[in-house]
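Good morning, and thank you for coming. I would like to take you through one protein model, beginning with a pair of helices and then widening the view. Please look at the display.

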Amino acid sequence: QVDRLIVGVTSRRRVMASLGTVLVTGSSGRIGKVVLALLSKSGRCTARATARDLAKTDGLKALGAAEVVAFDLKDKNTWEGAVNGVSAVFSASLDPLISEHMEFAAFLGTKKEQIKHVVRISCFGADTNTNSYDKDKHVSCEGAQVPLMLQHYWWSEECLIKAGLPTTSIRGNFFMNHLLKNELENIKEHGFFSVPSGKLS
């Protein structure tokens, strides 16, 4: 019975470790770094980091990257090599690169047989609750339009869906590191920060 139990546990571990190679775009970003480290720690995949500058290779490998490849949304020549052999993609990019991301999504759509899943970092409020999107009608602010940046977040999801890729969108509402990014000087000089996040009861 012990032998059977050990065999059973081993089999389950093999199943859990069958995610293949996961490409992490934005690997040196605030979210990408954490994703890279967690994927590596999980033991469930080969974590492939991306970098515009391969001088960052050592730092990315220290976070747990098994592989580091050149990738730049603005350089289509880097796309093919980055996704070669990849079975899943973690997608994160800055808002000014929305056009390039949409082109990359279309490129990924040509590899649907290979790429089984894309996880996209998005934002709370990126579309309406029903997915019936009307940019002129904010779902929670009567008479207001959907802000352009939120429209971009929805476009960043929609283009993956339209490309026929199984997509999971992560719509974070608030990131603690945003506070540190924007309020660091105030924290250093005054020992506190204030942000209009509503009343605490």
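Let us begin with helix 5 and helix 6, whose crossing is right-handed. By definition, a crossing is right-handed if the near helix is turned clockwise from the far one by less than a right angle, and left-handed if it is turned anticlockwise. Helices here are DSSP runs of H or I with at least four residues, strands are runs of E with at least two, and both are numbered from the N terminus.

Before I continue, a word on the source: this is a predicted model, in which local features need pLDDT of at least 70 and side-chain atom pairs count only at pLDDT 80 or more, while totals for chains, interfaces and linings use all residues. Residues are numbered from 1 along each chain as its sequence is written, and side-chain values use heavy atoms, with hydrogens and water left out.

At what angle do helix 5 and helix 6 pack? The angle is about 15 degrees, and the axes lie 8 Å apart. Helix 5 is therefore roughly parallel to helix 6, a description used for angles under 35 degrees. The axes are lines fitted to C-alpha atoms over the stretch in contact, and angles run from 0 to 180 degrees between N-to-C directions.

Which residues meet where these helices pack? From helix 5 come Ile98, His101, Met102, Ala105 and Leu108, and from helix 6 come His152, Trp155, Ser156, Cys159 and Leu160. Contact, in this talk, means heavy atoms within 4.5 Å.

Staying with helix 6, consider Ile161, which lies in this helix. Its relative accessible area is 48%, so Ile161 is partly exposed. The cut-offs are as follows: buried means under 20% relative accessible area, exposed means over 50%, and partly exposed is in between, with a 1.4 Å probe and protein chains only. Apart from neighbours within four places in sequence, Ile161 is in contact with Trp154 and Thr167. Between Ile161 and Ala106 there are 9.8 Å from C-alpha to C-alpha, although the two are 55 residues apart in sequence.

I turn now to charged side chains. Side chains of opposite charge can pair when their charged atoms come close. A salt bridge is counted when a side-chain nitrogen of Lys or Arg is within 4 Å of a carboxyl oxygen of Asp or Glu. How many salt bridges does the structure hold? There are six, and I shall present three of them.

Lys162 is exposed, because its relative accessibility is 68%, whereas Glu158, at 25%, counts as partly exposed.

Another joins Lys76 and Glu103, whose closest N and O atoms are 2.6 Å apart. This pair links distant parts of the chain, 27 residues apart: Lys76 is in the loop between strand 3 (67–70) and helix 4 (79–83), and Glu103 is in helix 5 (residues 98–109). Glu103 is partly exposed, with 37% relative accessibility.

The remaining example is the salt bridge of Glu80 and Lys111, at 2.9 Å from N to O. Glu80 in helix 4 and Lys111 in the loop between helix 5 and strand 5 (117–123) are 31 residues apart, so this pair also links distant parts of the chain. Is Lys111 buried or exposed? Lys111 counts as buried, at 15% relative accessibility, while Glu80 is partly exposed at 42%.

A residue in another loop deserves a look. Ser87 sits between helix 4 and strand 4 (88–91), and a relative accessible area of 17% makes Ser87 buried. Beyond neighbours within four places in sequence, the contacts of Ser87 include Leu19, Thr21, Ile115 and His117.

Finally, let us view the whole chain. The protein chain has seven helices and six strands, in the order α-β-α-β-α-β-α-β-α-β-α-β-α along the sequence. Of its 201 residues, 32% count as buried. Among contacts with a separation of 6 or more, 62% come from residues 24 or more positions apart. Thank you for your attention.

Notes:
Angles under 35 degrees count as roughly parallel, over 145 as roughly antiparallel, 65 to 115 as roughly perpendicular and the rest as oblique.
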